[in-house]
Each structure stands twice: as C-alpha cells, then as structure tokens.
Amino acid sequence: MTMRSPLPVPTLSRRAKVVLAAAGVLIALFVVVGTLTGVYVDFLWFEETGYTDVFWTEIQTRALLFALAAIAMGSIVALNLYLAYRFKPAFRPMSLEQQNLERYRRAVEPRRKLAIIGGSVVLALFAGFTAQGSWQTWLLWRNGQEFGTADAQFGRDISFFAFDYPFYRFLLGFAFAIVLLSLIAAAATHYLFGGIRLQTPGQKLSVAARVHLSVLLGIFVLLKAIAYYLDRYGLVYSDRGEVFTGASYTDINALLPAKTILMFVAIICAVAMLANILVKNFLLPAVALVLLMLSSLVIGVAFPAIMQQFYVQPSANQREADFIERAIEATREAYGISDVEYVDYTQDPETAATPEELRNDTETIPNARLLDPNVLSATFTARQQIRNVYGFPDRLDIDRYTVDGVTQDYVVAVRELDTNALTGNQTNWINQHTVFTHGNGFVAAPANTVVTGEEGGEPNFTTADLPVRGDIEVEQSRIYYGELFDEVYSVVGAPEGSEPREFDRPEGGGGADQELNSTYNGEGGVAVGSFFRQLVFAIEYRERNFLLSGELNDESRVMYVRDPRDRVEKAAPFLEVDGDPYPAVIDGKIMWIVDGYTTLNSYPYSLQQELGEVTQDSLTGQGTTALANDQVNYIRNSVKATVDAHDGTVTLYQFDTEDPVLATWMSAFPGTVEPESEIGDELRDHFRYPEDLFKVQRELLTSYHVDDPVAFFNSDDYWQVPDDPTDNNSTEVQPPYYILAQRPGEDSASFQLTSALNALERENLSAFVSAASDPENYGELQVLRLPGSTPYRGPQQVQNAFRTNDEVARDLTLFNSEDSQAVFGNLLTLPIGDGGLLYVEPLYVRGSGESAFPLLRKVLVNFAGDVGYADTLSQALDQVFGPGAGEGAADSDGSDPPPEDSGTPTDPTTTPTPTDPGTSPPADCDDAALAQAAADINAALDALATAQQSGDFAGIGTAQSELAAATTAYATAYGPCGGSAGAGSEGGGSSSTPTPTP
C-alpha cells in the first residue's frame, strides 16, 4: 500500500514575519499601556480617598486566584498532554486510519513542545481570567462569620450555606473543568499518535492509553460523587415547591436519600474505573458507568417525579405545610421582615374623625405634604437655577429639618453644575474642565406649604439664592461632587496668590461683568502637577491639553468619579448601593447620604428575587438609578455612607451591628467601615429608611405576611403593590412616599416611608405599610391591615373618583389645553386617628412654553369615599369633614371657622347670593358693606374668567385669592342680616351656591 506524501507546510517570508511581529508588539504595547494606565488612575483615586487597602486587597485576591487557577489548569493539562505523547506506542499497525493521521503527526511532531506549551498557556489564561472573577466568593469563604442560627434540615450554621457552600461549588466546577479538558486533550493526543485505534483491527487501546484514560475517568466520577454529596445541601435552594423556595416534601423524602445512594454508587464506579488499570478490560468501567447513569435516572429523576405527581400534588397543601413554614420563617429573616408590627385598622365612615379632632391634630394634618419632589424639578430650575450652567436633578429629595424647635419635612436639592447644559464657548476644553468646575448652593422648601398671592402655587423657598441664605445654615455651599457631573472631570487648584479662574457665582445683579470666581482649596481630587501625572491623564482621557495647556500648574488637581453613588460603589465594591442618594446639611457642610446593602444569593430556604426587577417602579430612571438585576435572597441596609459634596470624602459607617455578612466583609477589608459609634447625632437625624430596600420588603410582605402554610399555599389573603394611578402612561407600580405623620399607637409624628397595598388582582385597599426613619424608632415596620370583609378604595379607585368628580373634570378640561397641562402629584395615604386613611393629592398646572414649570393649583382629598377639591388643603378638608376641620392644615390662614350654617365655596365661580333688595334687613345689617362685598365678588369673577380664557395662571391665582377674600367679607357682612350664606358641602361633594348677579 502506497503511503500519501504529507501536505507542504506553508511558510512566511522574512519581511512578512517582521511586519506581523511589529504589529503584534504595537498592539500588545497599546493594550498593556492602556490597561496599566487605567489601573494606575484607579490606584490614584483610591489613594486620594484613603481606600488603598480595598484596591490592594481586590488586586491581590484577583491575582492569587488567577495564578492558582492558571497554574493548576495549565500544568495539569500540560502534564496530561506530555504523558499521552510520552507513552505513545512505538509501533502502530498499518491501516487507512493511521495513514490519514500520519500527515498530521508529521505536522505536529516538529512543533509538539510549542503545541503543548501554547495550548496549555491558552487554557491557563482562560482559567485564570474566569477564576479571578470569583474573588468575592473567595473572600467570603476565607473570612466568613457565624450567623448563630442553624438550618432546619441539616443543623448546620447558616454561614455554611452563605459562605462555604458557594466556594465549594466553585472549586468543584473548576476541578471538573480541569479533568474534562485533560481527558479531552489526552484522548486526542492518544488518538493522534496511535494509542487509540478506533478503525484499526485488533486492540483498540494501547496499555498506556487505557491506564491514562481510566485514571482520568475515575477522577471524574469521583468528583461526581463529591457533587452528589454537595447536592444534598443544595436542596435548600430547590424550587420544586413552586410557591416557596427550599427543600420540599419530595426533596427530603425522595431526592435526599437518592443523592446519598448515588454518592456511594459513584464512589463504587470510580473504584471500578481505577481497577481497570489492573483488569485490563473496559467492560468493568463501562458497566459501572451504565449503572451510574441508570441509577441517576431511576433514583434521582423518576422516583422523585412519581412521588411528586402521585403522592404530593393531590394534597400538596398538607404535605408541604411544614416546609412552607420553613420557607416563610427563613424568607422573613433573610429580608428583615420577621419583626413587623401588624395593626388591625378599621376605616369606618360612621366613626370617622370629627372636625374637632382634625382641628386639634398637630402631627399629621399640619405636615401633609403638598409638594411633590418628582414634579418640581422644573419649578426649582425656573426659580433657583440662576445661571444656565447650574441645574437640579429630575427628581428632588425629601428630608426633614428642625427649625426653631419645629420639625418638618422639606423638598431639598443642591444647585449642581449641569455639564449637559453648557453651550457654545462654554463647551471648549478650558471652560468645560477648568472654569465651570462646580455647582453652588442648597435649596429647600417646606413640603406642606406654597407661596400665596401673585406667585401663588410656587414652593416657599426658605433656604435659597446665592450666596445661600435661609433657615438652614450652610457654611460650605460649593458642590464639586454630585449627581449631574456625568463622568466629566475637572481640573482645579492654583498657586496661592494667583487669579481665581473657576466660576463661582454671580454677584449683585448677576450681569456678565459681575461674576465671582474662586480657586479650589479643599483636599479633593488627585494631584496632577508633575509631568508624569499629566502624561498619565493625557493617555487616560485621550486629551493632549493635559500636556499642552497652560491652565495646569504645580497645584492642579483632577477630580473624577464624582457621582456620590459611583464613589461609594468604588470604595466598597462588596456593597449594593441604593439608587437615590440625597443631600443633607450636616454641621454646615453639604453631604450626600448613600445607603449600602449587603446581599447574598445563597441564604437557605429564602425566596430568590431579581433585585432590579423588584425595585422597579414608575419613577425608576427619572433622577434615580436602577439597580442591577442580580439574584438575591438576603439583604440588609448594613452601611450608611456619606460623600462630602466639597472634597469628595467617602465615609462608610457600620449601621447594622448584627449583620454577619457585613462582619465578614469588615474582616476581609479591616478599617474600611467605621464603627456605628462614629455616627454623629446630627447625621443620624437625617438618615432615611432606604427606598430600594423598602420596595423589596413591601413586595415580599404581599405574600409573606400570611402565617398559615395552607393559606400561603392557596394564596389566600395575598396582596399586591398597586400600579401608579397618577401616571396614565405607565404600567409600573406606585413608588413609596416619604411622609411626616403620626402612626397609630405613637404620640408624635415621625418621618417614615410608606406604601399602600391592594388585594391580590383587585383595586381595593388591603393594607398600608410604613417604615420609620427617626433615630428613636428607625427601621420599625408597621402594617395597618384593613378588614377583608369590606372593599375599601385603593389608590386607583381614589384617582378615578378624583378624575370623574364634576368640578375636577371641568377644571381638567380647562387645564389640559394647547397652552397648559394638568399634572397630578403624588397620591399620599395618611393614617388619621385610629380608624381611617386620608388620601391627599396635589394638582399642578404647567404651561406649554419651553421654560414653563408646574404650579400648585388645587388640592384633592378623599376620606371614606368623600371627595374634597379646593385651592388649599384646609378648604378641601372642610368640604369632607365640615367647617373648621382644615384649620390644622399648614396652608390654613388660621382664621376662625365660618358659622356652621355658612358654606365655604370651593368653586371660584360659585359664591353666596346677595341679599334680596325687597327684603328688609335687620337694623344691625350693614347694607353698604354687603353691597361692596357683592361688587367685589363680581369683579373677582370677571377677572377670573378673563384670566382663564387667556391661560394666565398667575392671574387665575390672583383672582382666586381676591374671590376668596371677597367671599369671606360677604359672609361676615351677611351674618347680621339674617339668613345663610350658602349651602355646605354634602356627601363629600363640592359646595354649590347661587351666583351673584353680574
């Protein structure tokens, strides 16, 4: 038989080799320089913030895992390739199969060392890059702390499942990969060099190939035995129960013993594989493998499926009861909802709050919030932007301050540098990066009041302007770190005595020639005075001006990573960070407060949640950051972080001293998190219960408030988070709202985060959940449960009642025109007394112009189905509860209530009827005053009609104020004349009274 000549091996010319080598070197150089520059810039940031230990711990851990994985993978695969080649048969039987392989042997033989080393290096690099990504798993395993709680099935501490089990799975998976790749590489080498002869008559394997592959197969099956052992513990994450997470009846009574049996079967099969070294027959290992596969199918798959289908499912609510109890208890503990206070709450119109009770209420009604931080960004911008370079985030924040001994909530924001608003010459490199470097100012407005008069409906800014003045004292108002910097860096700093060049604020009239400049004198930023540093940043930002511009000097500093949330994430990579940082004035400094979460996805029996999905609501992404859609089944708000708005200092405070996950990370990164004792009282006063955590918890409370496992299985008394009723274009759920109100059972108002909960698949209200934020009761969750036997109105039903109210519908037609648009604010739910929930919603009107902004025009309230609709909250409350009820509202004028037989009109076009000229008034009746009041009413009506036709909202507000004053004067003058000034509101509707003659 004639052997075929081997194919010629293609070769490259010397010039081609040189060109390719040079190109490869250049590409590698660019990659290496770029990578090292990025790492060095990162290091400089960590050095500036004082978190170099975090940087080095992460780098060292990644490097260690990379090295271990690469060495293990590369060396073991290379060893198996070498052994397969080393023990190749000296003589190979002649066959067509071997002839075909001969040309490949000739091609590989001269380069076998390169092939072995090159292939092993590629696999080593791949393994190293994969393994280093599990650096957090390694650190959790190395530093894991005890939970002090044992799981219900195996009696092992929760830390085994939280920290050890994931690491063991990581090791096992890596070991499987090494053995499998070694097996493939060895088999391929044996086949290439004749150790395996599939199509050649006679013996199919050489002795060396049989021994080599038997050992590898034996190790692989032995690893499978270890996998079966770990699978037993993995049952605590089973989802076989469908409505709950964790080991089910079938898992414990069928799958657990099956895994144990399969573990021993796998050990026996592994021994059989290794015995093949001596037996010299593949029949024994083949039988062992078939036995393992059949056992796994029959014992591990078929038997559990039969038990589940024919024994468990017909009475699953009873069979699974004990396991559902485990899941309920574990899920509550994992998500921090095991100590919720449940209050049976009855909203009964027959026992509703009386006007006297509302008038005397000093905790909830006076603090009812009329300003919606999600609506008023444009209003803040219009009234407090001052210059185009400044701006406010799309979503403002709510916080509380104590001024003159009175605590109330404020809508707050900082006047940041809006890099996206720069225009024209402002966008060149010098202006964008060295002149417009920072924002300036803190703006606050009480959330329960608005301005009256010509500028009616605007926030009452009590801290504002530049320089900052008001009732909240701000000593350092410059904002170098904020939410609007959008990854833009700034170069700040200059030698002492040099002319300031950073735009700081306008002075006096604000003309272009009256600008005040400043020079940064803080500790923020990375020094960039040396040529080497300038070169580094020129490479990092692809910007030659770092080397060429005369704006850089020996004192220059570069500020980057300027978003507070990004800074905390970088300083603490082990934390999930809340999507809504908020500013607070602490000791005269503006600080960003950021909530940090410790999370796990390996807490036994706890329900798995997709974090990004469960924290999504109608406002996510509008001034807030959506969380990554990671799988979690444990969460704690264990860290409160602050970022100094002036110098960027990041401080992490331990907030949950009992969280073993945070204790583990503190062990891995010692000195990174400050102890709780370092939290100052003023800072603690501004802590809020975080929104993203609350959204996770309220979603779980919709089902995990149920104690009875049978009811839980049947979804009895489940709740659901309602859709946002104020946004017709959104199908997302209603966001939670911060309010300052008195909770049932408490003596005073507290700052809290709240949410309504509906019945499952219905729009009726079932519960109201709140989380306290004040230092005295921080974190206390309270759920007001409404009786399930009565359908109470939920947010969507209340919103429908508002929209279909005759007066509201008429005004919406007016407001929603070519020149304006009605904007519904947040629909707040306020607990009133011990038996009712009051809905309050502001209604804003926004013009259609480019610079238009929303103004508060109306307030809507609903209690037990009765609707109030008026210019002020106090008037709306009077409509629902009767005269005098709204005196406690912050927007009340504080005057005495009108006589019981006189109504307070809500519609500015309906007012009391003047005295009939044919009737003789009493002697003490002042006809002149009565006539003047009637004339004033008619004049105000004319002005109102004119303003409405022209879309003049300022004019509408003025006319409404004049009409209210004229109506009050008429009622006062009419009292002594005998008779009634008008019919009061009835059944929650608006008042309806005759109209004076034009």
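Modeller: One definition to start with: buried means under 20% relative accessible area, exposed means over 50%, and partly exposed is in between. This is a predicted model.

Colleague: Is E109 buried, exposed or partly exposed, and why?

Modeller: E109 has a relative accessible area of 27%, so it counts as partly exposed.

Colleague: Where is E109 in the fold?

Modeller: E109 sits in the loop between α3 (96-108) and α4 (112-132).

Colleague: And which residues is E109 in contact with, leaving aside neighbours within four places in sequence?

Modeller: Those are Y85 and F193. F193 is 84 residues from E109 along the chain, and their C-alpha atoms are 9.8 Å apart.

Colleague: Changing topic. Which residues form the nonpolar patch on the surface?

Modeller: L26, L29, F30, V33, F531, L535, I539, L547 and L548, with about 870 Å² of accessible area together.

Colleague: Which helix gives the largest share of the nonpolar patch?

Modeller: α1, with four residues. At least two residues each come from α1 (14-49), α15 (531-540) and α16 (545-548).

Colleague: Last one, α19. Which of its residues are buried?

Modeller: In α19 (residues 660-668), the buried residues are P660, V661, L662, T664, W665 and A668. They pack against several elements, including α2 (52-86), α6 (158-192) and β21 (634-644).

Colleague: What caps the N-terminal end of α19?

Modeller: D659 does, with a side-chain oxygen 3.1 Å from the backbone nitrogen of V661.

Note on methods:
Residues are numbered from 1 along each chain as its sequence is written. This is a predicted model: local features need pLDDT of at least 70, side-chain atom pairs count only at pLDDT 80 or more; totals for chains, interfaces and linings use all residues. Side-chain values use heavy atoms; hydrogens and water are left out. Patches are made of residues with over 30% relative accessible area and no salt bridge: like charges are joined within 9 Å, nonpolar side chains (Val, Leu, Ile, Met, Phe, Trp, Tyr) within 5 Å. Accessible areas come from the Shrake-Rupley method with a 1.4 Å probe; for residues, only the protein chains shown count as cover. A salt bridge is a side-chain nitrogen of Lys or Arg within 4 Å of a carboxyl oxygen of Asp or Glu. Buried means under 20% relative accessible area, exposed over 50%, partly exposed in between (1.4 Å probe, protein chains only). Contact means heavy atoms within 4.5 Å. A polar contact is a pair of N or O atoms within 3.5 Å; within protein, one must be able to donate a hydrogen and the other to accept it, and residues adjacent in sequence count only if both atoms are side-chain atoms.
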